[in-house]
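User: Hi! Could you walk me through this structure? I'd like to go from one topic to the next.

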Amino acid sequence: MATLFSRPQRRPPLLRQAIKIRRRGVRDLQDPRPPRAQEIEPSSHHLSPEERALLYEEALYTVLYRLGQPEPNHVGESSELLRYLQEAFRMEPEEHQQMLKRVQQLEKPVFCLKATVKQAKGILGKDVSGFSDPYCLLGIEQGMTVSGGSPGLRRRQKAVVRHTIPEEQTHRTQVVTQTLNPVWDETFILEFEDISNASFHLDMWDMDAVESVRQKLGELTDLHGLRRIFKEARKEKGQDDFLGNVVLRLQDLRCREDHWYPLEPCTDTYPDRGQCHLQFQFIHKRRATKASRSQPSYTVHLHLLQQLVSHEVTQHQAGSTSWDGSLSSQAATILFLHATQKDLSDFHRSLAQWLAYSRLYQSLEFPSSCLLFPITSIEYQWIQGRLKAEQLEELASSFSSLLAYGLSLIRRFRSVFPLSVPDSPARLQSLLRVLVQMCKMKAFGELCPDSAPLPSLVTEALRAGTVGWFHLKQQHHQPMVQGLLEMGKALLSLVQDIIGDLHQCQRMWNKIFHNVLKIDLFSMAFLELQWLVAKRVQDYIAMVGGSVTPEVGESLFQLYVSLKELYQLGPHPSERDGVLALEGFHRWFQPAIPSWLQKTYSVALARVQRAVQMDQLVPLGELTKHSTSAVDLSTCFAQISHTARQLDWPDPEEAFMITVKFVEDTCRLALVYCSLIKARAQELSAGQDQGQAANMLCVVVNDMEQLRLVIGKLPTQLAWEALEQRVGAVLEQEQLQNTLHAQLQGALAGLGHEIRTGVRTLAKQLEAGIAKHIQKLVGIRESVLPEDAILPLMKFLEVKLCYMNTNLVQENFSRTWRSASTQRAVACRPRPCTPPPFRLCRGTWSCRRPPVGSSSASTSAAASSSRQQPPPRSSGPSPLRPPTAPPSRSCVWSCSAPPTYCPWTPMPGAC
């Protein structure tokens with residue numbers, strides 16, 4: 001067929017020469033390759049102004065001369081695509097109009113339909129054997145304007161190719177013998193001028209070879225074959241049988257088609273004639289752009305892809321969003337049109353996509369998962385011989401470049417993939433998977449044979465990155481003032497950052513590297529960091545020397561605690577390959593132990609003094625009967641125990657001596673507290689009445705009792721049992737008893753003495769009040785009823801005993817009661833007397849007095865009842881009468897002496 005850009009020439013007859021282009025020869029029709037120097041793409045995706053102008057011309061040319069119906073989700077309007085190109089290339093409106101006008105003046109390309117006859121199925125069997133020897137004739141008819149679906153089109157479809165298309169424009173497939181499901185897989189390039197009035201025609205024929213009757217009868221299998229023999233006898237020798245045809249309007253086709261089409265019959269005798277599998281693609285030949293004439297097709301496509309992807313990423317970044325790897329419909333349409341028009345194979349498209357994305361990934365931020373598809377596609381279609389040496393070199397360079405860049409990201413993964421960004425773990429895992437897939441490719445193995453295994457490369461990158469991260473952190477914490485205290489604080493901050501990093505490695509990063517590459521990141525990072533930390537700590541302690549100030553000692557203690565935490569993160573000793581640099585690190589801090597112990601005692605003493613000074617000796621509540629200083633003291637002792645647990649000295653003998661010192665200081669603080677709290681009570685009770693002083697004394701006794709309970713918990717808090725097991729092989733049991741247990745018992749005994757002293761003081765005050773009321777009873781007039789005479793004493797006891805019962809813990813209340821009984825017995829001597837006029841019971845008198853704590857109403861009621869039934873008078877000299885009713889409950893202060901001697905009879909002048 002004559003075209004605008006080719007000379008028409010007469011070809012030989014169709015049956016003598018067919019213009020066939022097999023799939024293996026289609027690549028030879030592409031544009032000629034440029035010299036080697038122009039095929040190698042520079043590593044950067046940035047283009048010079050001249051290259052950018054040529055690429056823009058290529059993109060405009062692609063849009064202006066598009067063919068076929070748009071694909072689903074593609075843009076159909078060319079004006080929209082032109083606007084997108086103007087934005088993607090950042091062209092000014094005037095410059096865009098000039099370029100567009102210049103492209104419109106260029107020669108049109110040669111429009112071609114690339115048709116591939118794949119196969120057919122279910123065709124008619126025309127031979128005697130029941131099979132056929134099919135072949136196809138195909139071509140394009142130009143000038144057909146009949147609309148689809150009309151009777152005229154139907155008649156045209158029944159016409160054969162040899163009757164509608166000139167012989168020189170008709171193409172023929174090979175003959176496949178004796179089959180009903182032939183496979184050809186042959187490709188043809190069909191030129192046309194105007195897509196709007198062109199149609200594609202394919203006729204399928206059965207090759208009829210000249211055979212003798214004897215041969216045909218030998219192939220006879222059934223009656224249908226016999227009928228075929230008679231039918232062939234009536235037709236001309238060598239005349240082929242028509243099997244069906246396919247007629248399609250080009251303007252109804254998409255840019256790429258791949259379908260099964262039914263074979264249309266020429267007559268209605270056999271309407272079902274099978275199907276034919278055809279593939280179509282609209283391509284250009286002899287494009288007039290400079291880029292197409294000077295560069296390989298896939299290189300031009302690579303540049304265009306890089307430009308559009310760069311624009312897509314930039315647009316998302318401008319909108320504060322990250323690009324997810326999916327192209328916009330405009331970009332996808334332009335790239336699809338360009339690849340189709342340039343007749344790029346799927347392999348070359350994947351190659352261009354890989355080269356573009358792998359380069360852009362090294363300068364723009366987008367998901368590494370975008371690289372997985374081209375990697376998979378290249379691996380699936382890899383044939384080394386299909387690429388030239390320059391292309392192989394370019395592909396190898398892209399592998400090496402991406403591998404080096406990926407290792408650099410892995411080396412800096414702590415800063416490139418921070419956990420503060422939610423998708424960082426997923427991005428790192430995606431990068432590792434891309435590198436793994438790339439290194440597994442056959443192309444990578446053939447082009448990069450000297451590359452080391454990926455796990456070893458990643459391990460080395462992680463090791464180097466860990467060391468680099470340590471030095472960056474060390475520089476970040478470098479103090480402005482080079483003093484021992486400042487340097488110690490900086491070193492402490494560095495160790496704490498290392499511990500935090502190891503926790504992150506253990507919790508998050510180690511899983512990713514182990515799942516993808518079977519690399520134990522945590523163990524590797526720990527081994528590297530512990531060596532670096534050990535060196536810095538030893539250097540610092542050497543600078544400190546033996547003179548440890550309290551401030552430096554505090555910094556050393558925090559450093560010791562952090563090192564212990566770091567050391568405990570390491571593998572178990574049975575799992576280690578060698579000795580750690582931190583092994584025995586506690587010995588580095590031995591000179592600082594006295595400073596730590598003194599600091600602990602000084603801080604605790606200051607807290608005790610401050611707590612007592614702020615205490616108002618008021619119970620905290622109904623259930624909590626001690627004051628604020630007892631709570632503060634408990635917290636202070638708990639802090640001492642916490643410090644001891646933090647220290648947890650590994651050497652057993654030295655740990656025992658340290659524990660002895662902690663116990664000694666704790667017991668000393670307890671006795672100091674007793675002295676301070678008593679002094680505080682005297683200070684607050686100055687100028688107060690006797691009742692308020694007694695109340696404060698109750699609180700003091702309770703505070704001491706609370707302190708005694710706290711001291712009793714020292715063996716548990718300091719883990720004496722575990723310590724004794726550790727030092728059992730070094731110290732004897734007697735030595736343990738003479739140190740720790742003796743100290744504790746001495747402290748408890750001292751606290752018990754202080755508590756008893758306070759209890760005796762309270763008992764003396766109670767006994768003095770009782771004696772005062774008893775003295776009044778001795779001199780009472782006979783006219784006063786016993787019930788009325790004893791009522792003041794009962795009220796006094798009710799008030800005092802109720803308060804003590806409320807404000808003293810139960811044990812101290814019992815002690816006070818017993819002490820008061822003892823003191824009253826000592827203050828009275830036995831003498832002959834009459835039977836005791838009354839007996840004092842536990843909160844109850846034998847004169848039917850209600851128990852202590854009952855309401856005054858019940859007391860008045862009992863007294864009234866007594867007045868209504870007065871007891872009989874006694875003839876003795878005593879003005880008081882003994883009660884007639886027995887006591888209501890067991891008597892505590894009742895007389896136990898014979899009737900003639902009463903221990904509760906007051907001595908002269910004693911009451």
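Predicted model: local features only at pLDDT ≥ 70, side-chain atom pairs only at ≥ 80, totals over all residues.

User: Thanks! Cysteines to begin with: how many disulfides does the structure hold?

Analyst: The count of disulfides is zero. Take C439: the nearest cysteine sulfur belongs to C448 and is 8.4 Å away. A disulfide needs the two sulfur atoms within 2.5 Å, so C439 is in no disulfide.

User: Is C439 buried or partly exposed? And what about C667?

Analyst: C439 counts as partly exposed because its relative accessibility is 22%. C667 has a relative accessible area of 8%, so it is buried. The cut-off for buried is under 20%.

User: Good, now salt bridges. How many are there?

Analyst: The count comes to 19 salt bridges. One of them joins the side chains of E58 and R287, with 2.9 Å from N to O.

User: Where do those two partners sit in the chain?

Analyst: E58 is in helix 2, residues 49-64. R287 lies in the loop between strand 9 (275-285) and helix 9 (290-294). They are 229 residues apart, and the pair links distant parts of the chain.

User: Are E58 and R287 buried or exposed?

Analyst: E58 is buried, at a relative accessible area of 0%. R287 also counts as buried, at 5% relative accessibility.

User: What about E754, which residue does its side chain meet in a salt bridge?

Analyst: That would be K678, with an N to O distance of 2.7 Å. E754 is in helix 28 (residues 733-778) and K678 is in helix 24, so this pair ties together parts that are 76 residues apart in sequence. E754 counts as buried at 17% relative accessibility, whereas K678 is partly exposed at 33%.

User: Staying in helix 24, what separates R680 and E683?

Analyst: About one helical turn, because R680 and E683 are three residues apart in helix 24. Their side chains meet in a salt bridge of 3.4 Å, N to O. R680 is buried, with a relative accessible area of 6%, while E683 is partly exposed at 46%.

User: Which residues are linked in a network of salt bridges?

Analyst: The network links K661, E664, D665 and R668.

User: Let's change topic. In what order do the four strands of the open sheet run?

Analyst: The order is 4-3-6-7, and the pairing is antiparallel. Strand 4 (171-172) and strand 7 (241-249) are the edge strands, each pairing on one side only.

User: How many bridges hold strand 6 and strand 7 in their pairing?

Analyst: Eight bridges, in the antiparallel sense; strand 6 covers residues 198-206. If you want a place to look at, W205 stands opposite F242 in strand 7.

User: Nice. Now helix packing: at roughly what angle do the axes of helix 22 and helix 23 cross?

Analyst: They cross at roughly 170°, and the axes come within 9 Å. That angle is over 145 degrees, so helix 22 is roughly antiparallel to helix 23. Helix 22 spans residues 593-614, and helix 23 spans 628-647.

User: Which residues meet there?

Analyst: From helix 22, the residues include W596, T600, R607 and V612. On the helix 23 side, L633, C636, I640 and L647 are among them.

User: What does P650 touch, leaving out residues up to four places away in sequence?

Analyst: P650 touches Y560, H586 and R726. The C-alpha atoms of P650 and G584 are separated by 8.6 Å, and those two residues are 66 apart along the chain.

User: Last one: where is S424, and which residues is it in contact with?

Analyst: S424 is in helix 16, residues 424-440. It is buried, with a relative accessible area of 0%. Leaving aside neighbours within four places in sequence, S424 is in contact with F417 and P418.

User: Great, that helps a lot!

Notes:
Residues numbered from 1 in each chain as written. Heavy atoms only, no water. Buried < 20%, exposed > 50% of the residue type's maximum accessible area, 1.4 Å probe, protein only. Helix = DSSP H or I, 4+ residues; strand = E, 2+ residues; numbered from the N terminus. Contact = heavy atoms within 4.5 Å. Pairing = 2+ DSSP bridges. Salt bridge = Lys/Arg side-chain N within 4 Å of Asp/Glu carboxyl O. Axes fitted to C-alpha atoms, helices over the stretch in contact; angles between N-to-C directions. Parallel < 35°, antiparallel > 145°, perpendicular 65-115°, else oblique.
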